[in-house]
Structure formats: structure tokens, C-alpha cells
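Here is a briefing on one chain, for use with the sequence and the model side by side.

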Amino acid sequence: MTTDPTGMCNVCGKPGSVHVTEIRGGVKTSRSLCIEHAPPEFRAKLPFGPHRTPAEEVAFLRSQISAIDRQIEDPAQRAEFKAEVEELIAEIEAGRRRLGEAY
Ligand SMILES: [Zn+2]
């Protein structure tokens, strides 16, 4: 399982989803699901949400920033997305927001 904030939920279309890749019978299927629609066993492994501390959420976001360089090719889009993540980190560090709420 990987998390991919650039993906859309396959169920409701909300952005900020968990990317679930399963291999069954040699066939690889990928699904993107938001935190609400992710299966409970995946939700428990998520790097954000009520079961995580704010520091863990910030660490996850910082890892996402390095992933953005690989995932988004358009420099303008990448800069915009990074700025959004940085803002979210600042909000979490200030105790004003939790990552689970943004999803
Ligand atoms: Zn959903």
C-alpha cells in the first residue's frame, strides 16, 4: 500500500487518497480510496489520522514533499502542491489542524 495525495478516491472522487495495489491470481489491480472508503485494515496503517500523533503526521508530509518531485512533472503544479503541503505542516505544528481532517 502506498499513499498518494494526488489521486482521487474511486468511490467518491475526493482527492487525497490511499493507493491500494493488490495482486490476485497474477493480476495487478490498483484502486485509489479516500480515508473514508479505505478498508479498515488499510486505514489502521495510514500515516495520519486519529491514531497518529501530530509529529508523525508532519513526518509523513515531509516524506510526501520528496515524493512530489518524482510524482508531479509539471513544475508549476509541483510548486503549488508543495506550498500547500508546507502550509499544512505549519498548521499541524502550530496545533491548529490535524492531517486526518484535511482528507
Ligand atoms: Zn471516498
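**Briefing on the chain**

E86 lies in helix α3, which covers residues 75-93. Helices (H or I, at least four residues) and strands (E, at least two) are DSSP runs, numbered from the N terminus. This is a predicted model: local features need pLDDT of at least 70, side-chain atom pairs count only at pLDDT 80 or more, and totals for chains, interfaces and linings use all residues. Residues are numbered from 1 along each chain as its sequence is written.

**Confidence**

- The average pLDDT of the chain is 83, and 88% of the residues score at least 70; pLDDT is the predictor's confidence in each residue, from 0 to 100.
- Among the elements of the chain, α3 has the highest mean pLDDT (93) and strand β1 (residues 2-8) the lowest (63).
- Where pLDDT is low, the predicted coordinates should not be read in detail.

**Overall layout**

- The chain has 3 strands and 4 helices, and their order from the N terminus is β-β-β-α-α-α-α.
- Of the 103 residues in the chain, 17% are buried. A residue is buried if 20 or more other C-beta atoms lie within 10 Å of its own, exposed if 12 or fewer, and partly exposed in between, with C-beta atoms placed from the backbone.
- Among contacts between residues at least 6 apart in sequence, 40% join residues at least 24 apart. Two residues are in contact if their C-beta atoms, placed from the backbone, lie within 7 Å.

- The 19 residues of α3 should span 27 Å at 1.5 Å a residue, and its end C-alpha atoms are 27 Å apart, which agrees; the expected span is 1.5 Å times one less than the number of residues.
- After α3 comes G95, whose phi is positive, near 80°.
- Helix α2 (residues 54-71) packs with α3 at an angle of about 170°, and their axes are 10 Å apart. α2 is therefore roughly antiparallel to α3 (angles under 35 degrees count as roughly parallel, over 145 as roughly antiparallel, 65 to 115 as roughly perpendicular and the rest as oblique).
- Axes are lines fitted to C-alpha atoms, for helices over the stretch in contact, and angles run from 0 to 180 degrees between N-to-C directions.
- On the α2 side, P54, E57, V58, L61, Q64, I65 and I68 meet R78, F81, K82, V85, L88, I89, I92 and E93 of α3.
- By class, this contact of α2 with α3 has 10 nonpolar, 1 polar and 4 charged residues. Ala, Val, Leu, Ile, Met, Phe, Trp, Tyr, Cys and Pro count as nonpolar, Asp, Glu, Lys and Arg as charged, and the others, Gly among them, as polar.

**Single residues**

- E86 counts as partly exposed because it has 13 C-beta neighbours inside 10 Å. E86 and R62 are 24 residues apart in sequence, and their C-alpha atoms are 8.4 Å apart.
- A59, in helix α2, has 15 C-beta neighbours inside 10 Å and so counts as partly exposed.
- C12 lies in the loop between β1 and β2 (15-24), and counts as exposed because it has 11 C-beta neighbours inside 10 Å.
- Leaving aside its neighbours within four places in sequence, C12 is in contact with C34 and H37. C12 and H37 are 25 residues apart along the chain, and their C-alpha atoms are separated by 8.3 Å.
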